[in-house]
Amino acid sequence: MKKSTGVFRCIDELGRIVIPKSMRNKLGINSGDSLEFRIEEDCIIISPDKSRCAFCGGTDGLCSFKGKSLCDRCITELSEIKN
Ligand SMILES: [Zn+2]
């Protein structure tokens, strides 16, 4: 059996848990972000939703940049900030 090295949290009566702040910070997960839940064997895997833009949640013309998904519109807006 694989030895656990994780952080433990209790689930509440509505099925909610708090994702440890250190883990949210490490993955750049912020309030309002969309997360993907999936089951692998007997585990629930929670990961940032890369099917949506990290800034606006849009799904058009997504590109991956440093582990985040960004849409065409936000990439254009970001490039205009610099000019
Ligand atoms: Zn966007």
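A residue counts as buried if 20 or more other C-beta atoms lie within 10 Å of its own, as exposed if 12 or fewer do, and as partly exposed in between, with C-beta atoms placed from the backbone. The model shown is predicted; local features need pLDDT of at least 70, side-chain atom pairs count only at pLDDT 80 or more, and totals for chains, interfaces and linings use all residues. Residues are numbered from 1 along each chain as its sequence is written.

**Figure 1. The whole chain and its elements.**
The protein has two helices and four strands, in the order α-β-β-β-β-α from the N terminus. Helices (H or I, at least four residues) and strands (E, at least two) are DSSP runs, numbered from the N terminus. The radius of gyration is 16 Å, well over the 12 Å that the globule rule gives for 83 residues, so the protein is more spread out than a compact globule. This radius is taken over C-alpha atoms, and the globule rule is 2.2 Å times the number of residues to the power 0.38. The C-alpha trace spans about 50 × 25 × 25 Å along its principal axes. Of the 83 residues, 5% count as buried.

**Figure 2. Confidence along the model.**
The predictor's confidence in each residue is given as pLDDT, from 0 to 100. Its mean over the protein is 89, and 94% of the residues reach 70 or more. Where is confidence lowest, and where is it highest? The lowest mean, 88, belongs to strand S4 (residues 68-70), and the highest, 93, to strand S1 (residues 35-40).

Four residues from domain 1 and five residues from domain 2 take part in the contact. On the side of domain 1 that touches domain 2, one residue is nonpolar, two are polar and one is charged. Here Ala, Val, Leu, Ile, Met, Phe, Trp, Tyr, Cys and Pro count as nonpolar, Asp, Glu, Lys and Arg as charged, and the others, Gly among them, as polar. Two residues are in contact if their C-beta atoms, placed from the backbone, lie within 7 Å. Among contacts in the protein between residues at least 6 apart in sequence, 2% join residues at least 24 apart.

Strands S1 and S2 run antiparallel and are joined by six bridges; two strands pair if DSSP finds at least two bridges between them. Phe37 stands opposite Ile46 in S2, and Arg38 has Ile45 in S2 as its bridge partner. How many of the six residues of S1 are buried? The number is zero, so S1 lies largely in the open. Strand S2 (residues 43-48) also has six residues, of which zero are buried, so S2 lies largely in the open.

**Figure 3. Glu41 in the turn.**
The hairpin of S1 and S2 has two residues between the strands, and Glu41 lies in this loop. Glu41 is not a glycine, although its phi is positive, at about 55 degrees. Is Glu41 buried or exposed? Glu41 counts as exposed because it has 5 C-beta neighbours inside 10 Å.

**Figure 4. Leu35 in strand S1.**
Leu35 is placed in strand S1. With 11 C-beta neighbours inside 10 Å, Leu35 counts as exposed. Leaving out residues up to four places away in sequence, Leu35 touches Ile46, Ser47, Pro48 and Asp49. Arg24 is eleven residues from Leu35 in sequence, and their C-alpha atoms are 11 Å apart in space.

**Figure 5. Cys74 in helix H2.**
Cys74 belongs to helix H2 (residues 72-82). With 18 other C-beta atoms within 10 Å, Cys74 is partly exposed. Which residues does Cys74 touch, not counting residues up to four places away in sequence? They are Cys53, Phe55 and Cys56. The C-alpha atoms of Cys74 and Gly58 are separated by 9.2 Å, with the two residues 16 apart along the chain.
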